[in-house]
Structure formats: structure tokens, C-alpha cells
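Please open the model in a viewer and keep the sequence panel at hand.

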Amino acid sequence: MKKMYMNSEWIEAVSGKTRSIINPYNQEVVATVTEGNEEDTRIAIASARRAFDNGEWTSTPAHERGKLVHKIAEMIERNKEELGELETLNTGKTLIESRDDMDGIAEVFRYYAGLADKDGGEVIASPLPNSQSKVVREPVGVCALISPWNYPLLQASWKIAPALAAGNTIVMKPSSITPLTTIRITELMDEIGFPKGVINLVLGSGNSVGGELARNPDVDLISFTGGSEAGRSIMQAASGNFKKISMELGGKNPNIVFADADFETAVDQALNAVFFHAGQVCSAGARLLVEDSIHDKFVDALVERAKRIKLGNGFDESTQSGPLTTAEHRNSIERYVEIGKEEGAKLVVGGKRPEDLELQKGFFYLPTIFTDCTSEMHIVQEEAFGPVMTVERFRTEEEAIKLANDTIYGLAGAVFTNDGARGERVASRLRMGTVWINDYHPYFVQAPWGGYKQSGIGRELSKIGLEEYTEVKHIYRNLSPEPVNWFK
């Protein structure tokens, strides 16, 4: 049985409860983990609090912290195959993708290890005579890191690496559905030998564990990646002690294709934008906007290609898309598709479970495309988080921009056009944290990630992602102290 990690010890839940972790490809139980609750969470928080307040980790020279964070990158590279297989076993995604994820995760830890000692503060000009003034960044304190089920270790790394590099102590809470790789990386960090209490891992549901992390006054910062409703609850609970908050809450991301775009490239990228990892991607380009003059031809090409997408076991190298991660999520997508039909959208491909007998035990759903969609439809406005694409028409650049911005979200979007000026012009007017021109999905640790509007608060990755885990302090020094004599 997999246990929780607190105060440098592996422990079972106080309640003794456990949870079975299943393979979404065939519903086989692949692991049993201890199932924590509020009491366990308070123990983890207390461990992190003591470790931060005793100052051992905070006062460790930044370059020494960086060396330990760099060792995590080395551990990931050394255990890449095992970690990749665990990720595929737990999420259902293809092993090729999981291996690529591990490369990206190692790069995240390597990047923040390098940044750990690069900000020594800033001396600023003081307007007062005989004085010095400087601005420094210090660790926030105890950081609660809540990661999602779709990219368990990747999203966790975006939080763990900068939090540790900045000198904080952490309490990690992976999704209760896909915790296996986060447990394994905690084992690897235990081998490295961080000071006692710096790293803590609590397992359990969002309501109990996540709720306690958000409410508890001994937590100084909470970083959350997940759904909007859960984010709203966390934000409300975190207001109790005005925690710092960083949130990535997903999106309904537009992919705009103009008639002058390279046709084959745009079709291929549109498919990748929404059907990669069965659409379980926060930045998925699930909302396709196509210029009217090429709409019909474009849809025909999409449908023909979508029908050929090979679903299957993530460990099979010929598989292009694995299952959805849970039965509940597939049920949610099925309800979403039914709503689309009721609203008058035209289902042109998919819209059901596959009939292949080999896929019957898994949580599979066929790549699905709706046309005749309009911006007021629920399926256009709401995030499906699955292999479902909606297609809308536009006639002018202005209309495309207006449609693209017409949601409560603003995480990401793309523009496909061979007119360079148009690409830059449209990108500048899209209210989104990331805009791709003639591409979809690339990200890298050097560039910030996050959203406008209801897609989140703050940014992850890049130098900005490190700054999220720091507080800014101004230190003023009087070099010639003398009485003020205000009160005589």
C-alpha cells in the first residue's frame, strides 16, 4: 500500500481508510493508497510549518537549495521509464506522451535549480541622505500545492520546483484519481535527503484535504490547478487568512483558421489541438473558428481524419489516443454531447462510445465534431474537457476576434494565417494568456503560463513562476542615525 509522507516519514491515514487506483484502459486495480482526511492534512501542515519556522531550509544558501532541486531533475531522468509507465498506467495516456512529459518535467526542475541563486535583490536610489534602500524577495512560507488528474506529475512539477527553489516548505496534494507518479517522485526526493518537514505529501479527496489546505491559517500560499467550481471554493476558503493564491482553471480555447492559412497544416493542428490526450487538456483547442469560404472543405477534411484516429492501450505504440481517465468523466461528456444535439448543433462524427470489443472495458469515447454551432450554445461556452470539437463560421477578421473573446475564459488560443501582420494583429486583441500563431500546444519552461478572466490568477513557469512563491520586502537603512526631535 502506498502511504503519505510527513515530517520525513511514510505514514498511513489516521482513519485507516484506503482507495483503489485503477487503470482506465481496463479498470484493473493497479495500486492501493492510504486515504487521508482533514486530520491527516493538519498533521502535514504542522510538519511544513515547523520546518519553515525553524529556518533551516529558508536559511540554506540559495545555491545549495538549487543543487538539491537539480538532483530531482537527475532522479527523474534516471527513472524516466518507470515514471512514464506509471503515468500511462494511471491516466491512460500514450506511453510516448508520458515519456515526453518526463523530459519536460526534468527540464522544469533543472530550470528552477538554475534560477535559485540568481536574484540577490535590488538596490534602489533612496531620496533621503545618508541611507541605503534595497528590495529583496523572500519565501512565502508554507505552500499547499494541489495538482490535477490529467497531467499529474507535469502540473505538480510546475509548483514543486519553484516553491522549493525559493525556500518554501510544501504540502503536496495530488488528485485522488491519479496520485501514483507524485508518490513516486516524493520517494525520490526522500532519497535525496531534504531537511525534515520541508516536503510533505497528503493523499485524499478535494473536499476534505483540499478544503483543509485552503482553510488552514498555517498555510501561506495555495497553488491550484483544476476546475472552476473547485477553484471558487478554494478561493473563498483561502480568504480566511488572505492566503496568496495562484490558480489555473482551464478554458474554452478558440482556434481561428483564416482562408489563407496552409490548409493541410491547419487541419492537422486543429485535430491535435482538441484530440490530443483525448481532449483532457486545459488548453485544448475545442472551439474551432473557420473562415466561411473554406468551412465546408475544412470540416470534410477534419471528419475524414478524425475517423482514422486509433484508440487503444497507451502501452501500444500504434495507439494515438487513450481512454478518458474515469467513468464519471465519460458520463459527463456524454451529457455534454446530448446537450449539443438538443441545442441544434449538427453531429458530424463520433458522439458515442466505440464499438470495438477490445475497448469495452475502458473509458473510451470517439473523437466527436459538431458543426452549425453558435456562440450562445452551452457546448460552445462550457468546457467539455474531452474529445469534442465545436465548429463555428466567421466572415471577417473583426468577427473572428469577437467570437474568440466571447467566453468567460482566457487561457489560450491560436491563429492560423499566412498573413504575418494579420497574425500579430489578431493575437494582440485576443484576451488570453497564451496565443499561438500557426501552431498549437507548444509550451516551455522559460515562458509564463496562465490565463485571463476566469481561467485563473497568476502565472506558472518562467521567472514569473518563481516570483509567485516569494514575498517582496523593502529594507531601509539609515547610515547616520540621529534624534528626530519631533517631540521635544
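**Helix α2 and its partners**

Begin with α2 and α4, which are roughly antiparallel to each other (angles under 35 degrees count as roughly parallel, over 145 as roughly antiparallel, 65 to 115 as roughly perpendicular, and the rest as oblique). The model is a predicted one, in which local features need pLDDT of at least 70 and side-chain atom pairs count only at pLDDT 80 or more, while totals for chains, interfaces and linings use all residues. Residues are numbered from 1 along each chain as its sequence is written, and side-chain values use heavy atoms, with hydrogens and water left out. Helices (H or I, at least four residues) and strands (E, at least two) are DSSP runs, numbered from the N terminus.

Select residues 62-78 for α2 and residues 95-115 for α4: the two helices pack at an angle of about 165 degrees, and their axes are 8 Å apart. Axes here are lines fitted to C-alpha atoms, for helices over the stretch in contact, and angles run from 0 to 180 degrees between N-to-C directions. The crossing in which α2 passes α4 is left-handed (the near helix is turned anticlockwise from the far one by less than a right angle; clockwise would be right-handed).

Next, show the side chains at this contact (heavy atoms within 4.5 Å). From α2, display Gly-66, Val-69, His-70, Ile-72, Ala-73, Ile-76 and Glu-77; they meet Met-102, Ile-105, Ala-106, Phe-109, Arg-110 and Ala-113 of α4. Colouring the contact of α2 with α4 by class gives nine nonpolar, two polar and two charged residues. For this colouring, Ala, Val, Leu, Ile, Met, Phe, Trp, Tyr, Cys and Pro count as nonpolar, Asp, Glu, Lys and Arg as charged, and the others, Gly among them, as polar.

On α2, Leu-68, Lys-71, Ile-72, Met-75 and Ile-76 meet Ile-185, Leu-188, Met-189, Glu-191 and Ile-192 on α6. This contact of α2 with α6 has eight nonpolar, no polar and two charged residues.

α2 passes α5 in a right-handed crossing. Arg-65, Val-69 and Ile-72 of α2 make the contact with Ala-161, Leu-164 and Ala-165 of α5. The residues of this contact of α2 with α5 comprise five nonpolar, no polar and one charged.

**The seven-stranded sheet**

Which strands make up the open sheet of seven? Select them in the order β14-β15-β16-β13-β12-β18-β19; their pairing is mixed. Two strands pair if DSSP finds at least two bridges between them. β14 (346-349) and β19 (434-437) are at the edges, each with a single partner strand, so one side of each has no neighbour in the sheet. Neighbouring strands of this sheet are turned by 25 degrees against each other on average, direction ignored.

Within the sheet, zoom in on β13 (residues 287-291) and β16 (residues 388-394), which pair in the parallel sense over five bridges. Val-290 has Arg-393 in β16 as its bridge partner.

α9 (residues 263-275) lies across β12 (254-257), β13, β15 (368-371), β16 and β18 (412-416), and runs at about 135 degrees to β16. α10 (residues 295-306) packs on the sheet and touches β12, β13, β14, β15 and β16; its direction makes about 170 degrees with that of β16.

**The three-stranded sheet**

Select β5, β6 and β22, which form an open, antiparallel sheet in the order β5-β6-β22. Its edge strands are β5 (122-124) and β22 (470-478).

**The whole chain**

Finally, zoom out: the protein chain contains 15 helices and 22 strands. Its C-alpha atoms fill a box of roughly 85 × 55 × 40 Å along the principal axes.
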